[in-house]
Amino acid sequence: MKTALVTAIGSFSADIVIKNLKNNGIRVIGCDIYPAEWIADAKSTDSFYQVPYATQESSYVSKMLFICDKETVDAIIVLTDVEADVWNRHREELKAHSITLCLSCEETMLLCRDKRKMSSFLLEKGLGNPIETVNILDADIEAIPYPAVVKPYNGRSSQGLHYVSSTEEMKSLLTFCEAKEFVVQPFYKGSIITVDVVRQETTGECAVICRRELLRTGNGAGTSVLVFTNANLEAICREIAEALNINGCVNFEFIEGEDGIYRMLECNPRFSGGVEFSCLAGYDCITNHIRCFTGEKIEPFQGITSMYVARKYEEYITKIVEKEGE
């Protein structure tokens, strides 16, 4: 891999992704929906492009392929779910341009991006103790144990998530939401556990790094965490990753209930916003993710150092605005 296009470089994971790609001698092209002067990491890339929203699918794909051809890109690294969904539908175009899509296979992506299918899959396999997930249109809202959680079946970053405390609130919610797009889950009080998992499909080698999220943003990104080891949880994650046929780095989310039981919430089939926490704890998820798509063996997982890690925000001057007339 000589040149990689990294999407959505305003994302939490972008900084460590860009750094570690460049440490591996890879030229990095960055893109985002916002202009360069709004994005601190734009100056860290070798070239930067503003692109359309991925929801404007035709324009987005056309612009991205133009950039890839212009910059001789040979791999795309996707940092957001909506872009992952788009490129999962446009794999053939990438192949035609000799570009590697650094994501798991199409079937795995479709499964991971549908909370209904994922819950059913895990239940059938007897894996992960998944949160019960039901289409809201199939639920008896009078019989649902409240409080309950309502969210899009393919949602991301806590967008569209609602906590509902009663039948009356549920009826009110259903008057303005597109019900067929939503699922309902029971509410469990506890800690969010995010697990970065790097698995190489061809060898079965798998690295698992767990963290308890102590402070989070409203969009579900950890800002203070405890990276820890738990042999039982790590073994569960390896079994799930194998069953899903994961290739590369993904993140699993669990809730650790007050009863001490881990219940799987979802698999986000791309880097987590806190993947740098795992890198700091001793496993380079970025480099080994790349190796999953270049034919190189990933590093054997030999454990990590348990640690507390806190994230801070830092200011960067991205552009000096000249006075009028100068």
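# Strand pairing and aromatic contacts

Ala 148 stands opposite Val 164, a residue of strand E8. The model is predicted, so local features need pLDDT of at least 70, side-chain atom pairs count only at pLDDT 80 or more, and totals for chains, interfaces and linings use all residues. Residues are numbered from 1 along each chain as its sequence is written, and side-chain values use heavy atoms, without hydrogens and water.

**Open sheet**

- Strands E6, E9, E7 and E8 form an open, antiparallel sheet in the order E6-E9-E7-E8 (strands are DSSP runs of E with at least two residues, helices runs of H or I with at least four, numbered from the N terminus; two strands pair at two bridges or more by DSSP).
- E6 (134-135) and E8 (162-164) are the edge strands, each with a single partner, so one side of each has no neighbour in the sheet.
- E7 (residues 148-152) runs antiparallel to E8 and is joined to it by three bridges.

- E11 (residues 206-216) and E12 run antiparallel, joined by six bridges, and Arg 212 stands opposite Leu 226 in E12.
- Five residues lie between the strands of the E11 and E12 hairpin, where Gly 220 takes a positive phi near 85 degrees.
- E12 also runs antiparallel to E15, through four bridges; Ser 224 has Ala 310 in E15 as its bridge partner.
- Seven of the seven residues of E12 (residues 222-228) are buried, so the strand is largely enclosed by the rest of the structure (buried is under 20% relative accessible area, exposed over 50%, partly exposed in between; 1.4 Å probe, protein chains only).

**Aromatic pairs**

- The count is four aromatic pairs (Phe, Tyr or Trp six-membered ring centres within 6.5 Å; planes under 30 degrees apart are stacked, over 60 edge-to-face, the rest tilted).
- One of them, Tyr 163 with Phe 187, is edge-to-face, at 5.8 Å centre to centre and 90 degrees between the planes.
- Tyr 163 is in E8 and Phe 187 in the loop between E9 and E10 (190-199), so this pair ties together parts 24 residues apart in sequence.
- Tyr 163 is exposed at 56% relative accessibility, whereas Phe 187 is partly exposed at 37%.
- Tyr 283 and Phe 301 have ring centres 5.7 Å apart and planes at 75 degrees, so they too are edge-to-face.
- This pair links the loop between helices H9 (275-281) and H10 (285-294), which holds Tyr 283, to the loop between H10 and E15 (307-310), which holds Phe 301, 18 residues apart.
- Both Tyr 283 and Phe 301 are buried.

**Charges over rings**

- The charged end of Arg 116 sits over the ring of Tyr 153, 3.8 Å from its centre (Lys NZ or Arg CZ within 6 Å of the ring centre and within 35 degrees of the ring normal).
- Arg 212 lies over the face of Phe 228, 5.0 Å from the ring centre.
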